[in-house]
Amino acid sequence: MLMPVKHPHSNVPPAPQAPSSELWLLGQPPLSRLLEFVESAVVDGERFDRQSLTAAWRAANDRWQALERSEAGMANAGAHRELDTALQPLADDVRSHPNYRQSFNTLPTEFAMVDLDHLIVDQQHVTQTFVDRVAERARREPDGPSLFRLCMPLAAPETPVSIQKVGSRRYVFKSRSLDFRFHDAHLLAPQVQDSFGPVAGIVGLVVGYGCNFLNVVRVGKRVLLANGYHRAVGLRAAGVRFAPAVMQTATRIDELQVSVKSRIADAAEFYFESARPPLLRDFFDAQLTTLLPTRPRMRQIEVSFEVKDHLVCD
């Protein structure tokens, strides 16, 4: 039996989601990942024409091989530049924010205007609804400060969260946001009184949202998009070529391992040394993409805990 928990967001369940589509970059291995996505998330995925989709993937794979020859070195040609002077006060506000200090405290970091077309991408698909929403906002508010705030949001997300207790020590959190995640466990000060007696300590299992700044990692002349895919694709769809981003610089594989996802660090040679890795501009190449209608999805995080009580000697 599901038991609702008293929480500011739990009385606002996620609203029904309108039909959406996922824009996929075809031709990049593994093919099995695409087929698994179709089966699990695409409308009528079990009846989807897998042969036709595989043929489209194969044709795109051939095009990637051609691009490796015709556009070799393209990833090195980004015209990335320093952040516009007029945006420095906004950058200072971000630097002073706890989310920034917590997330970018290891590698050399700066703010820059990145060339969207030449950003290396690892993520193979984006949700078209989110991309369209970003593009609409960028067209409506195209000035520099508005675009900076779009890329560097400081306000908390407004996406409703549903929280349910599903067992004596199990809780389920649900949100439509793709940025929803489990953070960590923290020991909190005993500042509340419990009906069972004086409180000695409180352990908090923290669920929420990540640092949602558009950020990239630079290795030599190449720059990889680490976070902010929907905004980057949406901005480019609105005609924006250069966007503000937090840029970290890595010079060794060990530094990559602490700044990007493990699958990127494990394939560093492909992204940072191959002739023509996938670029953000490829999301606008009709020969490399397909649009897949998807069922409504939501991020669900289940948190459970265990208690052990022992009598031990000092």
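Predicted model: local features only at pLDDT ≥ 70, side-chain atom pairs only at ≥ 80, totals over all residues.
## Ground rules

Local features need pLDDT of at least 70 and side-chain atom pairs pLDDT 80 or more, while totals for chains, interfaces and linings use all residues. Residues are numbered from 1 along each chain as its sequence is written, and side-chain values use heavy atoms, leaving out hydrogens and water.

## Aromatic pairs

Rings of Phe, Tyr and Trp (its six-membered ring) pair if their centres lie within 6.5 Å; planes under 30 degrees apart are stacked, over 60 edge-to-face, and the rest tilted. That rule gives six aromatic pairs. Take Trp-24 and Phe-37: the ring centres are 5.3 Å apart with planes at 55°, so this pair is tilted. Both residues are buried (under 20% relative accessible area, with exposed over 50%, partly exposed in between, 1.4 Å probe, protein chains only).

Tyr-100 and Phe-104 make another tilted pair, 5.3 Å centre to centre with 45° between the planes. Tyr-100 is buried at 7% relative accessible area, and Phe-104 is buried too, at 11%.

## A charge over a ring

Arg-81 puts its charged end over the ring of Phe-242, 4.2 Å from the centre (the rule: NZ of Lys or CZ of Arg within 6 Å of the ring centre and within 35 degrees of the ring normal).
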